[in-house]
Amino acid sequence: MSRYDWMEDARCAQVDPDLWHPDGSGVGYSDARRICQGCPVQQQCADFAQQTEGDLSHSHRHGLWGGQLPRQRVESGSQRAGFYAKRRQQILRLAANGDMDAYQIAEIAGVDVRTVWRTLQKNREQMGKAA
Ligand code: SF4
């Protein structure tokens, strides 16, 4: 399975790709947005755009991905980053108390236990690099 498999179900693969990259002549994104709303892989598409574009500003992002404009993707990316940062802090804070195992931390944080293990492992690596 590749990270591109979802693209086989992309609705935009069956129509003119220029709809997702209007040239500023007034056509706009409305047709593309309507197609995205009915696309079965809209979430995968939005996730892929976030992974690919990273922390680029909206002026360096292009086209409509997952039904989102460049500015919307910037906002959604920072909300997501903020969510993950808060979740990471919660896991580290619970672990620092020392009176809970990973399963209890996972339950309180509302995550899979593997997320707790990965978070703690990554934190140990970062602390090791800083030392
Ligand atoms: S959501 Fe993504 S994959 Fe689906 S039609 Fe829109 S741009 Fe294409």
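Predicted model: local features only at pLDDT ≥ 70, side-chain atom pairs only at ≥ 80, totals over all residues.

Q: Which residues around the ligand come nearest?

A: There are 14 residues around the ligand, and the nearest of them are Ala10, Cys12, Cys36, Cys39 and Cys45. Sorted by class, this shell holds ten nonpolar, three polar and one charged residues. Helix 1 (30-37) and helix 2 (42-53) each contribute at least two residues to the shell.

Q: How many helices and strands does the secondary structure of the chain have?

A: The chain has five helices and zero strands. Read from the N terminus, its elements follow the order α-α-α-α-α.

Q: Into which domains is the chain divided?

A: Domain bounds come from an automatic or database domain assignment. Here, domain 1 covers 1-68 and domain 2 covers 78-131. The centres of the two domains, taken over C-alpha atoms, are 32 Å apart.

Q: What is the radius of gyration of the chain, and what would a compact globule have?

A: The chain has a radius of gyration of 19 Å, whereas a compact globule of 131 residues would have one near 14 Å. Along the principal axes, the C-alpha atoms occupy a box of roughly 60 × 30 × 25 Å. Of the 131 residues, 12% are buried. Among contacts with a separation of 6 or more, 42% join residues 24 or more positions apart.

Q: Which residues form the largest nonpolar core?

A: A nonpolar core joins buried residues through C-beta atoms within 7 Å. The largest one consists of seven residues: Leu19, Ala32, Cys36, Cys45, Ala46, Leu64 and Trp65. Helix 1 and helix 2 each provide at least two residues of this core. Leu19, one of the core residues, is in contact with Asp31 and Ala32, its neighbours within four places in sequence being left aside.

Q: Why is His58 classed as partly exposed?

A: A residue is buried with 20 or more other C-beta atoms within 10 Å of its own, exposed with 12 or fewer, and partly exposed in between. His58 has 14 other C-beta atoms within 10 Å and is therefore partly exposed.

Q: Where is His58 found, and with which residues is His58 in contact, leaving aside its neighbours within four places in sequence?

A: His58 lies in the loop between helix 2 and helix 3 (70-97). With those sequence neighbours left aside, His58 is in contact with Pro70, Arg71 and Val74. Between the C-alpha atoms of His58 and Ala95, which are 37 residues apart along the chain, the separation is 37 Å.

Definitions and conventions: Residues numbered from 1 in each chain as written. Near = placed C-beta within 6 Å. Helix = DSSP H or I, 4+ residues; strand = E, 2+ residues; numbered from the N terminus. Nonpolar A, V, L, I, M, F, W, Y, C, P; charged D, E, K, R; others polar. Rg over C-alpha atoms; globule rule 2.2 N^0.38 Å. Contact = placed C-beta atoms within 7 Å.
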